[in-house]
Amino acid sequence: MRIGELARRTGVSTRALRYYEEQDLLVSERSDSGQRHYAEAAVDRINLIRELYAAGLSSKTIAALTPCVIDGRATPELLDRLTVERDQIDRHIADLTHTRDRLDSVIAGASVNLRTGVSCRQDTPG
(Lines give C-alpha, C1' and ligand atoms only; values in the text may rest on other atoms or scores of the structure.)
Protein backbone atom coordinates (compact mmCIF):
# COMPACT_ATOMS: atom_id res chain seq x y z
CA MET A 1 0.00 0.00 0.00
CA ARG A 2 1.10 3.56 -0.55
CA ILE A 3 1.89 6.04 2.20
CA GLY A 4 -1.45 7.85 1.98
CA GLU A 5 -3.41 4.64 2.46
CA LEU A 6 -1.24 3.60 5.41
CA ALA A 7 -1.79 7.03 6.94
CA ARG A 8 -5.58 6.72 6.53
CA ARG A 9 -5.69 3.19 7.94
CA THR A 10 -3.60 4.02 11.00
CA GLY A 11 -4.61 7.60 11.71
CA VAL A 12 -0.95 8.67 11.50
CA SER A 13 0.16 11.55 9.30
CA THR A 14 2.35 10.89 6.29
CA ARG A 15 4.93 13.14 7.91
CA ALA A 16 4.97 10.86 10.99
CA LEU A 17 5.33 7.79 8.76
CA ARG A 18 8.36 9.35 7.05
CA TYR A 19 9.78 10.15 10.51
CA TYR A 20 9.27 6.52 11.58
CA GLU A 21 11.29 5.47 8.55
CA GLU A 22 14.06 7.96 9.38
CA GLN A 23 14.21 6.47 12.88
CA ASP A 24 14.39 2.88 11.49
CA LEU A 25 11.01 2.02 13.00
CA LEU A 26 9.32 1.35 9.68
CA VAL A 27 10.50 -0.03 6.35
CA SER A 28 9.11 0.65 2.90
CA GLU A 29 10.04 -0.37 -0.57
CA ARG A 30 10.35 2.19 -3.33
CA SER A 31 8.73 1.96 -6.73
CA ASP A 32 10.66 2.87 -9.87
CA SER A 33 9.15 6.35 -9.54
CA GLY A 34 10.30 6.62 -5.91
CA GLN A 35 6.92 6.16 -4.23
CA ARG A 36 6.90 4.38 -0.88
CA HIS A 37 5.06 1.07 -0.68
CA TYR A 38 4.33 -0.74 2.58
CA ALA A 39 3.41 -4.33 3.36
CA GLU A 40 0.08 -5.09 5.03
CA ALA A 41 1.98 -5.84 8.27
CA ALA A 42 2.91 -2.15 8.47
CA VAL A 43 -0.54 -1.38 9.90
CA ASP A 44 0.10 -3.56 12.97
CA ARG A 45 3.63 -2.21 13.27
CA ILE A 46 2.36 1.40 13.31
CA ASN A 47 -0.17 0.51 15.99
CA LEU A 48 2.60 -1.03 18.11
CA ILE A 49 4.84 2.01 17.59
CA ARG A 50 2.02 4.34 18.66
CA GLU A 51 1.35 2.26 21.78
CA LEU A 52 5.02 2.30 22.75
CA TYR A 53 5.25 6.06 22.16
CA ALA A 54 2.13 6.52 24.30
CA ALA A 55 3.84 4.52 27.04
CA GLY A 56 6.66 7.07 27.03
CA LEU A 57 9.33 5.20 25.09
CA SER A 58 11.65 7.08 22.75
CA SER A 59 12.07 6.21 19.08
CA LYS A 60 15.59 4.97 19.81
CA THR A 61 14.29 2.63 22.52
CA ILE A 62 11.44 1.43 20.32
CA ALA A 63 13.89 0.67 17.49
CA ALA A 64 16.01 -1.38 19.89
CA LEU A 65 13.03 -3.26 21.32
CA THR A 66 11.21 -4.30 18.20
CA PRO A 67 13.55 -6.38 16.01
CA CYS A 68 11.55 -9.53 16.64
CA VAL A 69 8.52 -7.75 15.19
CA ILE A 70 10.47 -7.15 11.98
CA ASP A 71 12.38 -10.38 11.49
CA GLY A 72 10.88 -12.79 14.04
CA ARG A 73 14.09 -13.22 16.05
CA ALA A 74 14.56 -12.58 19.75
CA THR A 75 17.64 -12.75 21.96
CA PRO A 76 18.07 -13.05 25.72
CA GLU A 77 19.29 -9.43 25.71
CA LEU A 78 16.15 -8.29 23.91
CA LEU A 79 13.96 -10.13 26.40
CA ASP A 80 15.84 -8.51 29.29
CA ARG A 81 15.41 -5.06 27.71
CA LEU A 82 11.71 -5.64 27.11
CA THR A 83 11.31 -6.68 30.73
CA VAL A 84 13.10 -3.56 31.97
CA GLU A 85 10.83 -1.34 29.85
CA ARG A 86 7.74 -3.18 31.09
CA ASP A 87 8.88 -2.72 34.69
CA GLN A 88 9.33 1.02 34.09
CA ILE A 89 5.80 1.20 32.70
CA ASP A 90 4.53 -0.64 35.80
CA ARG A 91 6.26 1.94 38.02
CA HIS A 92 4.75 4.75 35.99
CA ILE A 93 1.29 3.19 36.34
CA ALA A 94 1.77 2.92 40.12
CA ASP A 95 2.83 6.59 40.28
CA LEU A 96 -0.17 7.66 38.23
CA THR A 97 -2.50 5.57 40.39
CA HIS A 98 -1.11 7.22 43.52
CA THR A 99 -1.56 10.67 41.97
CA ARG A 100 -5.12 9.85 40.93
CA ASP A 101 -5.91 8.64 44.48
CA ARG A 102 -4.58 11.91 45.92
CA LEU A 103 -6.63 13.88 43.43
CA ASP A 104 -9.71 11.85 44.41
CA SER A 105 -9.06 12.89 48.01
CA VAL A 106 -8.85 16.56 47.03
CA ILE A 107 -12.09 16.23 45.03
CA ALA A 108 -13.80 14.60 48.01
CA GLY A 109 -12.64 17.43 50.30
CA ALA A 110 -13.80 20.07 47.84
CA SER A 111 -17.18 18.34 47.54
CA VAL A 112 -17.61 18.34 51.32
CA ASN A 113 -16.65 22.02 51.39
CA LEU A 114 -19.28 22.88 48.81
CA ARG A 115 -21.98 20.94 50.66
CA THR A 116 -21.13 21.85 54.27
CA GLY A 117 -18.75 24.79 54.28
CA VAL A 118 -16.15 22.70 56.18
CA SER A 119 -12.63 23.54 55.01
CA CYS A 120 -11.31 21.18 52.38
CA ARG A 121 -7.74 21.68 53.65
CA GLN A 122 -6.84 18.79 55.90
CA ASP A 123 -4.17 20.78 57.80
CA THR A 124 -6.65 23.49 58.86
CA PRO A 125 -7.94 23.09 62.44
CA GLY A 126 -11.69 22.38 62.53
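Asp24 is found in the loop between α2 and β1 (29-30), where helices (H or I, at least four residues) and strands (E, at least two) are DSSP runs numbered from the N terminus. Although not a glycine, Asp24 has a positive phi of about 60°. At 61% relative accessibility, Asp24 counts as exposed (buried is under 20% relative accessible area, exposed over 50%, partly exposed in between; 1.4 Å probe, protein chains only). The model is predicted, with local features requiring pLDDT of at least 70 and side-chain atom pairs pLDDT 80 or more, while totals for chains, interfaces and linings use all residues. Residues are numbered from 1 along each chain as its sequence is written, and side-chain values use heavy atoms, without hydrogens and water.

Leaving aside neighbours within four places in sequence, Tyr38 is in contact (heavy atoms within 4.5 Å) with Met1, Arg2, Ile3, Leu6, Leu17, Glu21, Leu26, Val27 and Ser28.

A search of the whole structure finds two aromatic pairs, taken as rings of Phe, Tyr and Trp (its six-membered ring) with centres within 6.5 Å; planes under 30 degrees apart count as stacked, over 60 as edge-to-face and the rest as tilted. Ring pairs join Tyr19, Tyr20 and Tyr53 in a cluster.
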